[in-house]
Amino acid sequence: MAKKDKADKDRGEKKKSKKKEPPRSGVLCASVTQVARSMRTHLSHGLAASGLYPGQDGVVQLLAQEDGQTPGALAHQLGVKAPTMTRTIGRMEAQGFVLRRTDDRDGRLTKVYLTDEGRGSVARIAGAMEACETQAVQGLSGKELKTLVKLLSLIEGNLSGNVVIRPSNEAEEDD
């Protein structure tokens, strides 16, 4: 310890701490948008090897959970407009990932189903997602990753109107 530092410590003088300024307006939006773009780009490269285009992975995953959904239901779950979903399904049908069939009970409804090729792409999507996440979280501890996911969930809840109220003791711990 340098003599001056030791002398200051001995006299009980406290170093002046610089007050942390909150990030300037717009920094969060810009940061989250850029991270989302980077992750989507990285994931898209991983999906391209499977013949999938951006956005098609979500359709495959939803149909893997519940096969035989209407294009409107898929659009709603993915947060896109119906015409966008109709084009996506058409492209995926031409690629052999899905097929459309008229509903057995209601002939007015068309439902979308995974083909064998589509079902085979589920594992490839999972692999591409895992590789993307592994790349994205390099250098983060498990605790930091858990905190990041928790904070992003809170932000998403705020934006979607599903605000999660944290217990007051939890909020105080973070300060």
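**Ground rules.** I number residues from 1 along each chain as its sequence is written, and I use side-chain heavy atoms, leaving out hydrogens and water. Because the model is predicted, local features need pLDDT of at least 70 and side-chain atom pairs 80 or more, while totals for chains, interfaces and linings use all residues.

Helices here are DSSP runs of H or I, at least four residues, and strands are runs of E, at least two, numbered from the N terminus.

I then checked Val98: beyond its neighbours within four places in sequence, its contacts (heavy atoms within 4.5 Å) include Leu63, Ile89 and Met92.

**Helix 5.** In helix 5, I found Met85, Thr88, Ile89 and Met92 buried (under 20% relative accessible area, exposed being over 50%, with a 1.4 Å probe and protein chains only). They fall within an arc of 100° down the axis, so they line one face; the arc uses directions from the helix axis to the C-beta atoms. The face turned away carries exposed Arg87 and Ala94. Their buried counterparts are covered by elements including helix 3, helix 4, strand 1 and strand 2.

**Charges over rings.** I looked for CZ of Arg or NZ of Lys within 6 Å of a ring centre and within 35 degrees of the ring normal. Arg91 sits over Tyr53, 3.6 Å from the ring centre, and Arg101 over Tyr113, at 3.9 Å.
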